[in-house]
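Dear colleague,

I am handing over the structure below, and I would be glad if you kept it open beside you while you read the notes that follow.

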Amino acid sequence: MSEESAPGPKESPPAAPRAGSREVWKKGGRLLSVLLAVNVLLLACTLISGGAFNKVAVYDTDVFALLTTMMLLASLWILFYLLRTVRCPDAVPYRDAHAGPIWLRGGLVLFGICTLVMDVFKTGYYSSFFECQSAIKILHPLTQAVFVIVQTYFLWVSAKDCIHVHLDLTRCGLMFTLTTNLAIWMAAVVDESVHQTHSYDSSHSNTSHLRLAPDREADSSVGGDCSCNTAICQIFQQGYFYLYPFNIEYSLFASTMLYVMWKNVGRLLASSTHGHSHGHTPSRVSLFRETLFAGPILGLMLFVVGLAVFIIYEVQVSGEGGRTQQALVIYYSFNIICLGLMTLVSLSGSVIYRFDRRAMDHHKNPTRTLDVALLMGAALGQYAISYYSIVAVVVGTPRDLLGALNLAHALLMIAQHTFQNVFIIESLHRGPPGAKPHDTTPKESCHGLTFANQDALHTLPACPPTPRLVGTNPVGPQEAVAIISAPRGHWRRRCLKDISLFLLLCNVILWIMPAFGARPHFSNTVEVDFYGYSLWAAIVNICLPFGIFYRMHAVSSLLEVYVLS
């Protein structure tokens, strides 16, 4: 496999043929890395799914051994990448300004810290009965902690890299690391989903259970001496599962950032951008700045009410008083109100864009392309659950209040996902504020501010050149304030900021509910009676993780919409 080296950012025009040959082999290098990723992912999927059920002779120790090996190899490659880029000054001649925004990296760090805490709980749990457990069960969370630390640092400092050395090796390394994160996500989703369904269906003796879950591992252990009876063991076990959503989101966040890095391997950017692609990055971000405050206040109210509804639901469903139906009515009522408001607000945002004269930004942007694909793909999971619910409610019997609420909830879930995706995707494709049609190049002052009236700038004194800006125009401080004050106070921009903040807060509470254990799909027996427990559990356990990921990815996209409005 030949290694390629890229021309530097100041190469002369004769370098064009080399760039052309690089573009031809780029497809071959990408194909090679994708084939590697597909084969490794299929192997991991086979072992994880095979080790899930007691009737298959694949044990949880085999799954842990595979994941541990993959994390060690990925960590070694990351260290090689970091050392190579440090020793080779020309390894990264360009950096993609759109890749790895601060809110995405901040979310990665937050979820990474929670994953480290989960690894501590997991290590403590397995150490509680070390005598009858395999050593790999303790080595696995320790290895994952090292992998999380190394990968988080790597993505924090290198997410924007457009590397130009060891192209084929880098593509394969990035794809292998991405596959490792997907395998970790898959194992966590399988374990967490079956744990949740087991807690709602402990009375079904014919249900197959995962050996990956601690409460089932103890029953299948040699000699049956691995029961978790001590108080500290119970704390580790409960904490371990409550932190699973953060581990799942960490793996998905890392996967998206690694994919963008993979797309940027060998990418050539315009020299005039000094390593930045065409785009616009605000110089300062202040939460609730220049909003009408209606969106943030209403969103915070729904967030607080949603937390209260979630607590009430968990207490009443898990209680012994037979108040499950009351809990479901409260849960569905809140979700119907929340989804209805989100649908109307998303429609309002799309209507506002009909009056917006900003041009569409058609520049090549791997980050934006991935965001759109993930929004559309992840929404399919919730679409599937909703359509299965609609069929069960309409065709099945009886038709009561709970069935009507379930039907309204499913219909609004479809509408909300559809209109929110339209709003977010249209927002991400808009040019910078102040850009005229057929002009998506951002106009910025020496302080990174955007202004609309370009004709008033020709007679103003020049600003010192700033290398990070593109299309800079000279402007004086007093004139800049006067020019910018008008568009900043425009009602459309304020409304868009309110809409994005309201949707962001609603998506957070709609992520918290299913991520931390709310499963009305099993508490409400309409679908279970119609499809049967086995089929309905398979549908929910496959589709719901994508719905949970959709909410968190929508939060990330809406934060970008807010910042760029």
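**What was found**

In this predicted model, the protein exposes about 24,900 Å², and carbon and sulfur atoms supply 68% of that area. Of its 565 residues, 56% count as buried, and the fold is made up of 17 helices and two strands. If you look at contacts between residues at least 6 apart in sequence, you will find that 84% of them join residues at least 24 apart.

One place to look on the surface is a nonpolar patch formed by F293, I297, L298 and M301, which together have about 380 Å² of accessible area. Of these, L298 lies in helix α9, which runs over residues 294-318, and L298 counts as partly exposed because its relative accessibility is 34%, a value between the cut-offs of 20% for buried and 50% for exposed.

The C-alpha atoms of D90 and H164 are separated by 7.7 Å, although the two residues are 74 residues apart along the chain.

Finally, please look at helix α7, which covers residues 231-242: its twelve residues reach 17 Å from the first C-alpha to the last, close to the 16 Å expected at 1.5 Å a residue. Within α7, the buried residues are C233, F236, Q237, G239, Y240 and F241.

Definitions and conventions. Residues numbered from 1 in each chain as written. Predicted model: local features only at pLDDT ≥ 70, side-chain atom pairs only at ≥ 80, totals over all residues. Heavy atoms only, no water. Patch = residues over 30% accessible without salt bridge, like charges linked within 9 Å, V, L, I, M, F, W, Y side chains within 5 Å. Areas by Shrake-Rupley, 256 points an atom, 1.4 Å probe, with all protein chains shown as cover. Salt bridge = Lys/Arg side-chain N within 4 Å of Asp/Glu carboxyl O. Helix = DSSP H or I, 4+ residues; strand = E, 2+ residues; numbered from the N terminus. Buried < 20%, exposed > 50% of the residue type's maximum accessible area, 1.4 Å probe, protein only. Expected span 1.5 Å × (residues − 1). Contact = heavy atoms within 4.5 Å.
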